[in-house]
Every structure is written in structure tokens, then in C-alpha cells.
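Welcome, and thanks for taking a look at this one with me. Please have the viewer open as you go through the points below.

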Amino acid sequence: MDYNEKTLPFQKPASHTVIDNVDEIKVTNIRQEEVDFSNAFIKGAKTTAKRMIFHFKAIAGGLTAQILKWFVPSSIDPFYGATFLCSYIGIVMLFPLRKNHLATGLGLITAILVALTGMWPIALLFGGMMTMLLDLIEQKTDNTGFWFTIPLSLLALFYANIKMPESIFVSMPIWAYGAMVAIFAAGLLKPKVLKHLANITLMSEADKKAYLENIEAQKALAIAKQQAAKEEQSFALFARHIEVLRLIEDENKNLPPQLAMIVEKIGTQSIDILKIMKADPRDVLPGGQFLNRYLPLIHQSVVRYTTIKSLHSEENIQENIDEKTLIALNGMQQAFTQIRQQLADNDVDDLRVDLKVMDQLIRSQGFEIKD
């Protein structure tokens, strides 16, 4: 008999570390003191240069908005230079150094919303404030840029109000505030569909490719977890039977060849029954009841037989236990053959019913079937 993982696919899998999130897979082989600080310096310099270029772009965007103020009418008339300041700070807050695509997407929606009210000169600032607030809540204390952006955004709003007849907040229609509350609530709830759409829309091609690969890896991980759970369930269901079979195998080494051959056949048939039970859950109950009843009895009988043979000589044993044990085990082996056949016949009966249903369905549709 052989009860290793190759013959029993429902064996308990080897213990391994389950990774709950693909993002947690990191290379940790490099020791901290072995980090190449020259590469770190170059990387930091590149990041700084990219951020400086971004600020120049934000300044250009602010200047463009200020020029458009001379030609495009709006429902507010901020003080000279306020449009530039509000647009520049708004762009900076809309696209933080640490990417949060959902917050940026909701900020852009807020900016469009404010622009629809006619207050387009300060639209980017309101959008940036929405992004900054959501990013601050999301990243918590990791985002230290708010120490710079919050005072500047408040200063920009104050500067835009200098020569206004009434406050910007008073001029904003009520429905716009309701919409911004809804946008903020969406940022707090972070629905998966909205977050996925923001990532796909705002990510660079390289980041988008990595993001989609990560999604596929997460799906594969979920499938692997389900499979592992199924294997654990299968092992729990069959563990007792497998353990008894292993105990019988240990005792079988001490049996005479005739008895050992029959016990070997019983073990092989038991494996077949277990595989049938695994393939069809309906066979679990009858097959399990049969194995629960007879496998422990076989183990008990074999143990008692080997014990008697080891403690007593043939002269002291009045009965021919070899012949009686052979007859009993032979009858048990035939019972295992029959239960295995019954379980197989159940599957054949199911197939026969399926085929009959298909045949009746085809004929009921008017198709001519030649036998």
C-alpha cells in the first residue's frame, strides 16, 4: 500500500507562508548597510528634478488661467493675480508627489463642478483642496506637504476675496456644496469601481501595466487560497481513514504472505473508494460509513493476530487462527470490492440518466435521430 501525496491528491499540503497581498511581496535579501547610497542619491536627484519641472508646468498653468481671465467671463472677479495663484496652488495639490489617483480624480471632478457654477478662476483651487483633504485622510501622517499647501490655499482664497462684494463661499450655489459633499463621501468610501476607473484613467502606461498585472496576481492568489481551503477540507474529511490505513500498513509488514496480500488488496480498494468519494460528494456518506465501520475493525483484528503470533507458540493455540483470519479477511476484501462497485455503479446510473434526458430533449425538438 502507498499513501503518499502522489497517490492521494487530497493529502494535507505542506505548510507554507500565505501572502495576503501581492503588494507585500518584496525583495529583502539586501542588507541595509549594503545599500548603494550613490544610486539613492541619483534617484533622489531625479525625483527632485521631476518635481521642479512639475512646478514649472503648474506655474505655466496658472499664467494661462490668468490670461484667460481677461477673455473668458466668470461669475466672480478675483483680485489681480489671484487667478494665477489659485490655479498654481490647485494644480500642485491636485497632483501630489505621492500618487493617490482616486483623490486626484475626485479633485478634478470637483474642479469641473466649480467651473460649471461660473467660478472657473478658483475651480482648480477647490479641486486641489478636495484632493489634498482626501489624500491627507488616506495617507494620515505620511503626507507632510499639507503644512505648506493648507496655508497657501487659504491665503489664495483670502487674496481672491479682497475686492469681491461678497464672500466666495456665499456666492457658491447650494447644489454645488451638496455635490462636493457627495464627492467627499465617495472619497471616504473608496468604491472599488471608482478607484479602478481612476487608476486606469490617470496612471502612466508603465504604472497601468504593473497595476493590471497586480490585479491578475491578486485573482490568482484568491484562486490559490480557495484551492488551499478546498484541500484542507478534503484532508479533514479523509484524514481519519488515511491514518487507519497507515496503521494497517505498519501491521501488514508482520503478516504472513497470504494474509499480507489480502490486506494489501483491501488497502488498494480503500484508496479507490476515497478517490471516488472525493470526485463525487454524494458518495461521501455511504463510502465514509463503510470505511468507518470496517477499517478500524480490520486494524484491530490484524493487531490482535500479530500479538497472538508473537506471544504464543503454535502448540499453545488451540484454534487454527491462520485459516480463520484468512477466511475473515478474504470476506472483508470481497465486501470492499462490492462497495467500490456500488459507488461506481451510482456514477454510471447518473450518466445513463443524463444521456436519456439528452436523447429525449433532442427528439422532443423534432430532430431525427438514427440509432
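In which helix do Glu 205 and Lys 208 both lie, and how many residues apart are they? Both belong to helix α9, which covers residues 205-252, and they sit 3 residues apart, about one turn of the helix. Please keep in mind throughout that this is a predicted model.

1. **The pair from the opening question.** The side chains of Glu 205 and Lys 208 meet in a salt bridge, with 3.7 Å from N to O. Glu 205 is exposed, its relative accessible area being 61%. In general, side chains of opposite charge can pair when their charged atoms come close.

2. The structure holds 4 salt bridges. One of them joins the side chains of Lys 219 and Glu 216, at 4.0 Å from N to O. These two residues are separated by about one helical turn, because they are 3 residues apart in helix α9. Lys 219 counts as partly exposed at 47% relative accessibility, and Glu 216 is partly exposed as well, with a relative accessible area of 49%.

3. **A bridge between two helices.** Now please find Arg 340 and Asp 272, which form a salt bridge whose closest N and O atoms are 3.2 Å apart. Arg 340 lies in helix α12 (residues 321-364) and Asp 272 in helix α10 (residues 257-279), so this pair ties together parts that are 68 residues apart in sequence. Arg 340 counts as partly exposed at 31% relative accessibility, and Asp 272 counts as partly exposed at 24%.

4. **The overall layout.** The secondary structure of the chain comes to 12 helices and 0 strands. Of its 371 residues, 33% count as buried. Among contacts with a separation of 6 or more, 77% are between residues 24 or more positions apart. The accessible surface of the chain comes to about 23,900 Å², and carbon and sulfur atoms account for 62% of that area.

5. **The largest nonpolar core.** This core has 34 residues, and those touching the most other members are Val 114, Met 119, Ile 122, Leu 125, Phe 126, Met 172 and Met 180. Two or more residues each come from α1 (37-69), α2 (82-94), α3 (101-116), α4 (123-139), α5 (146-160) and α7 (174-189). The largest share, 7 residues, is contributed by α2. As general background, nonpolar side chains tend to be buried together in soluble globular proteins.

6. Leaving aside residues up to four places away in sequence, Met 180 touches Thr 110, Leu 113, Val 114, Phe 126, Met 130 and Met 172.

7. **A buried threonine.** Is Thr 131 buried or exposed? Thr 131 is buried, with a relative accessible area of 0%. This residue lies in helix α4, and a polar atom of its side chain is 2.9 Å from the backbone oxygen of Ala 103. Beyond residues up to four places away in sequence, Thr 131 touches Met 93, Leu 94, Pro 96, Ala 103, Thr 104 and Gly 107.

8. Ala 111 lies in helix α3 and is buried, with a relative accessible area of 7%. The C-alpha atoms of Ala 111 and Ala 123 are 4.5 Å apart in space, while the two residues are 12 apart in sequence. Setting aside residues up to four places away in sequence, Ala 111 touches Ala 123, Leu 124 and Gly 127.

9. **A nonpolar patch on the surface.** Ile 67, Leu 68, Trp 70, Phe 71, Val 72 and Tyr 80 form this patch, and together they have about 680 Å² of accessible area. Tyr 80 lies in the loop between α1 and α2 and is exposed, with a relative accessible area of 58%.

10. **A backbone detail to check.** Most residues other than glycine have a negative phi. Lys 190, however, has a positive phi, near 50 degrees. Lys 190 is found in the loop between α7 and α8 (192-202), and counts as partly exposed at 31% relative accessibility.

Key:
Residues are numbered from 1 along each chain as its sequence is written. This is a predicted model: local features need pLDDT of at least 70, side-chain atom pairs count only at pLDDT 80 or more; totals for chains, interfaces and linings use all residues. Side-chain values use heavy atoms; hydrogens and water are left out. A nonpolar core is a set of buried Ala, Val, Leu, Ile, Met, Phe, Trp, Tyr and Cys residues joined through side-chain atoms within 4.5 Å. Buried means under 20% relative accessible area, exposed over 50%, partly exposed in between (1.4 Å probe, protein chains only). Helices (H or I, at least four residues) and strands (E, at least two) are DSSP runs, numbered from the N terminus. Contact means heavy atoms within 4.5 Å. A polar contact is a pair of N or O atoms within 3.5 Å; within protein, one must be able to donate a hydrogen and the other to accept it, and residues adjacent in sequence count only if both atoms are side-chain atoms. Patches are made of residues with over 30% relative accessible area and no salt bridge: like charges are joined within 9 Å, nonpolar side chains (Val, Leu, Ile, Met, Phe, Trp, Tyr) within 5 Å. Accessible areas come from the Shrake-Rupley method with a 1.4 Å probe; for residues, only the protein chains shown count as cover.
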